[in-house]
Amino acid sequence: MWLLLTALALDAQPARLTLGVESAHAVLHIASDTEPRLSASVGTITHLHRESNTSWVADYVPPEETYPQVALVAAVAAAEVAWVAIPLWGQGDAVVETRAHAKISVEIGDQSFGPAEADEDGRALVPVVVPPGVYEAKHRNERIDLHVPKTPRLHVVLLETEARADQPQTVHVRVLVADDKGAPRVGAQVRLHAGRGEVTAAVERAPGLIEATWTLPAGVAEPVTLSAELDDARGLVSEAGLKLVPGPATVVELKADRDHVVAGEDAEVVLTASARDALGNVSTEPFVLERAGGFGAVTSTTAREWRLRFPEALGERKLAELTVHPKDRPEPRGLVTVRLDSGPATSVSVEPAQVSVRTGQRVELRLQRTDRFGNLAPGEPPSVSAPVGDLSNLVDVREGEAIAVWRAPQRWDREDTVVNVRSGPLTARADVTLLARLTPLALSPKLGVLSNFARFTSPVIGAEAAFRTDRLGPELALSAELAWTFSSHTQSAGSFSSAEAKDDFISLSFELAWRRALGARNLIWIGAGPSLVAISSRLTLGAQPTLSETALVPGALISLGFERRFPSVVPFAELRWSWSKDPALSNLTGAVSALSLLLGGRFELL
């Protein structure tokens, strides 16, 4: 793909202007692919806009002064300069002293102006139009001074209008020189004077175009000027300004108008950033404020100032860390910290690590003082008391919070107790449920009834030994049970008169149960496990000898129970479903499933 670049060119229409006319202006036409930068030695340039992809249009407005001069207009784009001179013709009155009421005409070049009639004092004012470079008119052989001030016929243009101050810079200088008619002046000798740094000798590169190089050392960021004057018109100076701007920031500081805030005081923290480049110049880079965790609400007031408001609930934060850095890079950074203080304490609390405690168990108590927003607050050290048990090891965790250790009483003679805390005038309490100590081993005699709700109903007599633990979290019990049941019935047997059957069942079962306390006294459990049932069967038919048989069959059980504790004994009720395999006996066939209700009491041994 070929990229065609348009050569920079500048033209003004009309080519000259007469001053003093209200509508006097020129239209500038610029050929350029990019937006040009325009300047003029006198007058102003307005309304620059694109006319097409390669052309631009602007208005040139002459100065308010009406004396003749030459305006040099320059366009800069892509390090190139195009320029045009616009002669500005002046309007005024030529003052001629003559006799009263005489008719007077004057000549300027080949043009005649007048006649004008002199007044009674012999003073005539002849309106004239004066081109640049003309300073007198003629009346016959008399020369009449037009009092036209001399003006520069040159214009200084800098290809760079801005440069960094923190390092040496080179600026390319162009001086445009025209004659009185606006034509490029050939062979002009130009003197250049730099307000800072050094300028090379001026070299003519084309008619009316003088080039030089301006070298500036690193230093203070401030506006500097370069002036030019012609050797044959000393004192008629043209100047151009260069803006020396700070370099990238190398040092950044962030300051806060206060070092701490108190929750609820509705206070804002004003943050101000400052930055300097490598030479100490104040940097003007845009900056970004960052908050650790995004804590607080920020409002930007200026490019270097923010207002930060913190929420009333501070959580666990004691310090807010704020940093600032240039927008387009993470370094350098400025850092400030603001201490976050809670308000005065309005409440105190005590929280046991657990609300249900076994006798003799150690429990941590968390004591807190808080303000009205829930923030931990300073205050008088807390004191803790309890009607039973022992308290020790009060340890301050942080301001407004402490840990105490309470040991529940060794003897279980009540269902609950309280722990009290006081800090100055503030008080609080926590209710604690007291549970009896978990004894690892318990024996439980049982008595109940079993039935399959058909032809099999029997009393149950049994005993259970259980081992219990809560080391895994929930309370678990592993138990072994030995139980006896029996069944006996008689029925008519035809020629044998009657049949009498008696069955004894001795079962050994193992069960794993999950136990859950409901308050201090009540507990429920659910368990399941395998069983082994030994069956002894005896069948007598009339006067026939008794037929005895035995069987050993596996089984399973599921239980649901409830118990209520008393200081010396723990009565309970248990609902159980059991199943055993078919024993295949003469008087007992088929799998046996039954539901039983057992009552008993536990005796805790250890």
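## The largest pocket

β32 (356-358), β38 (426-435) and β42 each supply at least two residues to the lining of the largest pocket. Strands here are DSSP runs of E with at least two residues, and helices are runs of H or I with at least four, numbered from the N terminus. β42 gives the most, with four residues. The space in the largest pocket is about 410 Å³.

A pocket is an open set of points on a 1 Å grid over the protein atoms alone, with protein on both sides within 12 Å along at least five of seven lines; a cavity is a set of points where a 1.4 Å probe fits but cannot get out, and lining residues have an atom within 4 Å of a point. Grid points are joined across faces, edges and corners, and a volume is the space filled by probe spheres set on the points.

## About the model

This is a predicted model, where local features need pLDDT of at least 70, side-chain atom pairs count only at pLDDT 80 or more, and totals for chains, interfaces and linings use all residues. Residues are numbered from 1 along each chain as its sequence is written, and side-chain values use heavy atoms, with hydrogens and water left out.

## Cavities

How many cavities of 30 Å³ or more are there? The count is four. The largest cavity has a volume of about 320 Å³. Its lining holds 22 residues, and Leu450, Thr485, Ser507, Val533 and Ser578 lie nearest the centre. Elements that give two or more residues to this lining are β41 (475-492), β42 (498-518), β43 (522-541), β44 (547-564), β45 (570-580) and β46 (592-604). β46 provides the largest share, five residues.

## Aromatic pairs

The whole structure holds three aromatic pairs. Rings of Phe, Tyr and Trp (its six-membered ring) pair if their centres lie within 6.5 Å; planes under 30 degrees apart count as stacked, over 60 as edge-to-face and the rest as tilted. One of the pairs joins phenylalanine 295 and phenylalanine 310. This pair is tilted, at 5.7 Å centre to centre and 35° between the planes. Phenylalanine 295 lies in the loop between β26 (287-291) and β27 (297-302), and phenylalanine 310 in the loop between β28 (305-309) and β29 (319-326), so the pair ties together parts that are 15 residues apart in sequence. Phenylalanine 295 is buried at 10% relative accessibility, and phenylalanine 310 is buried at 11%. Buried means under 20% relative accessible area, exposed over 50%, and partly exposed in between (1.4 Å probe, protein chains only).

Tryptophan 484 and phenylalanine 486 have ring centres 5.0 Å apart and planes at 20°, so they are stacked. Tryptophan 484 is partly exposed at 32%. Phenylalanine 486 is partly exposed at 25%.

## Charges over rings

Arginine 16 sits over the face of tryptophan 89, 3.7 Å from the ring centre. Arginine 602 sits over the face of phenylalanine 572, at 4.5 Å from the ring centre. The rule asks for NZ of Lys or CZ of Arg within 6 Å of the ring centre and within 35 degrees of the ring normal.

## Lysine 103

Lysine 103 belongs to strand β9 (residues 103-108). Is lysine 103 buried or exposed? Lysine 103 is exposed, with a relative accessible area of 57%. Beyond its neighbours within four places in sequence, lysine 103 is in contact (heavy atoms within 4.5 Å) with Pro115, Ala116 and Glu117. Its side chain makes a polar contact with the side chain of glutamate 117, at 3.4 Å. A polar contact is a pair of N or O atoms within 3.5 Å; within protein, one must be able to donate a hydrogen and the other to accept it, and residues adjacent in sequence count only if both atoms are side-chain atoms.
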